[in-house]
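Dear colleague,

Here is the structure I promised to pass on. Please open it alongside this email; my notes follow below.

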Amino acid sequence: MGPEPVKELSRSEATLPAMSSPDRSVSPRLLNRELGILAFNERVLALADDPAIPLLERLRYLTIVSNNLDELFEVRVAELKELVRADPAAQLDGVSVAEQLAAVSERAGRLIARQYGLLNGTLMPALAHQGIVILLSSMWNDAQRAWAETVFESEIEPLLTPIALDPAHPFPRILNKSLNFVIELDGVDAFGRRAGVAIVQAPRALPRVIRVPQEVAGAPHAVTLLTSVVGGFVDRLFPGLSVRSVNQFRVTRNSELFVDEEEITDLREALHSELTQRHYGDEVRLEVSAAIPASVLELLLKEFDLGPQDCYRVDGPVNLVRLQQMIDLVDRPDLKFPPFEPGVPSPLAVRDLFAAIRRQDVLLHHPYESFAPVMDFLRSAADDPRVVAIKQTIYRTGADSALMEALVAAARAGKEVTVVVELMARFDEEANINWASRLEEVGAHVVYGVVGHKTHAKLTLLLRREEGVLRRYAHLGTGNYHPRTARLYEDFGLFTADPEVCADVHEVFRRLTGTGAARELRCLLQAPFTLAAHVLAAIKREADAARAGRRAYIAAKVNALLEPGVIEALYQASQAGVKIDLIVRGVCALRPGVPGLSQTIRVRSVIGRFLEHSRIYHFHADGRDEVWLASADWMGRNFFRRVEVAFPVRDRKLKARVLAEGIAVHLRDNASAWTMDAEGGYERRRPRGARQIVSQQALLEKLAMK
């Protein structure tokens with residue numbers, strides 16, 4: 001069973017500061033979260049349909065949409081279903097949850113139909129024109145069929161276990177998101193039993209995409225799919241019987257993990273036990289081949305206790321995510337984004353990293369600028385004899401991480417290493433558990449943060465003995481300590497030796513590893529203590545300035561904007577006349593441009609080669625230009641149920657950089673930016689005769705190495 005969803009689904013936990021009563025005549029005041037997620041994926045899918053983007057990258061965007069939809073169903077739809085299961089009349093924001101699920105089903109169905117239409121009607125023909133062919137079984141010639149038969153007999157058939165459904169063979173347990181086949185059979189078997197329906201599960205050890213030799217394919221780059229090979233020879237599994245139909249199916253399950261925080265004594269042990277059950281959570285979605293017979297579909301829906309609105313018929317493989325393997329198999333650089341070499345800020349182009357940080361704060365903007373200085377900063381923990389201690393938070397870092405190996409090396413070298421590992425980082429739990437074990441084995445101090453609050457802050461603190469005293473050096477970031485995604489995600493990081501900032505970082509670690517009252521921080525904002533209150537107060541100050549006739553302005557860049565208290569504060573600031581620019585990559589519940597409510601608010605989303613991931617808060621503050629970088633989106637969970645940190649950009653030049661590279665360039669973007677309307681719809685911006693400005697390309701040209 002999944003977790004109790006009520007708390008997670010709570011839409012508001014903020015207390016607004018005293019303000020004038022907002023105009024409540026506009027309804028609904030908040031847009032639906034799940035439909036907003038689908039709208040984001042519609043924007044991603046539009047890139048798969050963009051002929052200006054390299055062909056294999058278009059295929060990658062198509063697979064990204066499938067991956068995102070998996071998570072939507074595993075988490076958000078699963079939680080809504082849990083709510084309806086507990087109370088069929090349940091409502092959120094005054095709308096029936098059952099109606100919300102129906103709306104999600106309808107819109108997701110349209111999106112999925114567009115996906116497969118784009119794959120079959122546009123991308124596959126375009127790939128074939130480039131000599132990149134997906135050989136389906138219906139396309140095989142005699143030579144290709146003979147080759148596929150050999151592959152089936154030698155590599156696939158020995159691993160398959162056909163299960164005929166009868167009283168002695170109940171329906172097998174179906175793993176979450178696994179590939180399965182349901183087969184209708186005719187005839188009588190060796191025991192005299194009348195054949196009916198059988199299930200074949202595809203082991204995860206089998207590759208879903210299989211390279212076809214060029215001499216067999218007759219094309220430079222050809223693959224076939226496991227679904228084609230199994231479907232083409234499935235009759236070999238049932239000798240003497242005839243196959244009436246064979247169809248793929250895939251079940252998506254509730255993948256939220258639940259541990260009783262009041263009862264557990266060892267979070268890692270409890271979570272490890274819970275992980276084994278993730279593959280068998282409650283069913284929330286069924287994907288099937290488009291041609292599946294009605295009687296077979298009815299059997300599956302009954303088995304999984306799902307209704308027609310939970311079923312999605314697809315014209316192709318049931319898991320498009322697997323086509324990412326094809327992109328990696330094809331060596332065609334001309335059909336991918338051109339490579340680039342991240343730049344290194346000039347202050348860090350020195351041998352003594354610590355001297356550079358002592359002289360001045362240093363800003364890194366990934367992926368345009370290299371993540372290597374962060375790695376060097378951590379490796380110094382092992383190599384530099386003057387470094388005596390390192391403290392770091394880990395949310396996502398990957399199963400194979402040079403960064404984590406650096407921490408292991410530092411601990412082995414006798415340094416005092418303390419790592420706050422977030423075990424509840426969704427879908428990274430197992431990797432984090434494994435790293436926690438590795439670190440403990442070499443003597444590092446490993447803690448799991450605060451039970452009930454995910455540690456999402458991105459912090460590193462080094463202590464170095466210099467001239468007889470300990471000096472602190474810190475790195476604070478908006479993104480994860482994940483070297484691979486640092487080349488794919490857009491984020492900011494800050495190196496500093498500022499005594500006040502470093503003292504605050506030290507205090508945050510004390511709160512995470514120890515206990516006691518929370519001392520007031522000098523300059524950092526921390527959730528769940530001060531972050532929400534400061535954001536609300538800063539918005540109110542801008543509103544007060546506008547009412548007094550002074551200049552007022554708010555700009556923010558976040559991945560999601562959902563927190564109702566913040567949205568209400570922004571509405572009130574807009575009614576006071578504050579100009580507000582919001583760059584929200586994903587879901588946004590705020591309705592922009594509504595007369596009398598949000599007329600001065602503009603919302604845009606930037607979707608491109610890199611995943612926009614940094615969080616920036618900018619308030620005019622009577623000309624002081626208060627600028628914050630943060631790990632937190634403007635969501636209830638970030639403000640109230642996570643440990644987050646926002647840090648000020650104090651240096652004037654660095655502040656200008658953040659505003660130029662993180663805000664202004666995206667507001668000028670007229671090619672990869674989408675503007676949002678009051679109903680949650682998006683329109684892609686077009687140059688319309690002006691010079692085309694693609695913000696990410698502009699930053700590559702400015703910051704990456706030439």
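A621 is not a glycine, yet its phi is positive, about 50°. Its relative accessibility is 6%, so A621 counts as buried.

Confidence first. This is a predicted model. The protein chain has an average pLDDT of 89, and 91% of the residues score at least 70. Where pLDDT is low, the predicted coordinates should not be read in detail.

Now the sheet. It is open and has 6 strands, in the order β4-β6-β5-β9-β10-β11, with mixed pairing. β4 (163-164) and β11 are at the edges; each has a single partner strand, so one side of each lacks a neighbour in the sheet.

Two pairings are worth a look:
- β5 (residues 180-186) and β9 (residues 242-253) run antiparallel, joined by 7 bridges. E184 has S245 in β9 as its bridge partner.
- β10 (residues 283-289) and β11 (residues 311-314) run parallel, joined by 4 bridges. S289 is bridged to V314 in β11. From β10 the chain passes through helix α9 (residues 294-304) to β11, and this β-α-β crossover is right-handed.

What does V296 touch, leaving aside residues up to four places away in sequence? The answer is V182 and E184. V296 belongs to helix α9. It has 2% relative accessibility, so V296 counts as buried. V296 and V665 lie 369 residues apart in sequence, and their C-alpha atoms are 53 Å apart in space.

On to other helices. R107 is in helix α4 (residues 97-129). Is R107 buried or exposed? Its relative accessible area is 19%, and the cut-off for buried is under 20%, so R107 is buried. Its contacts, not counting residues up to four places away in sequence, are L35, L38, A39 and E42.

S154 is in helix α5 (residues 142-156). With a relative accessible area of 44%, S154 is partly exposed.

Helix α12 (residues 372-383) has 12 residues and reaches 16 Å from first C-alpha to last, close to the 16 Å expected at 1.5 Å a residue. Its buried residues are P373, V374, M375, F377, L378, S380 and A381. Helix α16 (residues 531-547) has 17 residues, which should span 24 Å at 1.5 Å a residue; its end C-alpha atoms are 25 Å apart, which agrees. Buried residues in α16 include L531, H534, L536, I539 and E542. After α16 comes G549, with a positive phi near 85°.

- H366 to P367 is cis, with omega near 0°. P367 lies in the loop between β12 (362-366) and α12.
- A527 to P528 is cis, with omega about 10°. P528 lies in the loop between β20 (525-527) and α16.

K177 is in the loop between β4 and β5. Its relative accessible area is 26%, so K177 is partly exposed.

Last, the cysteines. How many disulfides are there? The count is 0. C502 is in no disulfide; the nearest cysteine sulfur belongs to C523, 9.0 Å away. The relative accessible area of C502 is 1%, so C502 is buried. C311 is buried too, at 14% relative accessibility.

Best regards

Conventions:
Residues are numbered from 1 along each chain as its sequence is written. This is a predicted model: local features need pLDDT of at least 70, side-chain atom pairs count only at pLDDT 80 or more; totals for chains, interfaces and linings use all residues. Side-chain values use heavy atoms; hydrogens and water are left out. pLDDT is the predictor's confidence in each residue, from 0 to 100. A disulfide is a pair of cysteine sulfur atoms within 2.5 Å. Buried means under 20% relative accessible area, exposed over 50%, partly exposed in between (1.4 Å probe, protein chains only). Helices (H or I, at least four residues) and strands (E, at least two) are DSSP runs, numbered from the N terminus. The expected span of a helix is 1.5 Å times one less than its number of residues. Two strands pair if DSSP finds at least two bridges between them. A crossover is right-handed if, with the strands pointing away from the viewer, the path from the first strand over the helix to the second runs clockwise. Contact means heavy atoms within 4.5 Å.
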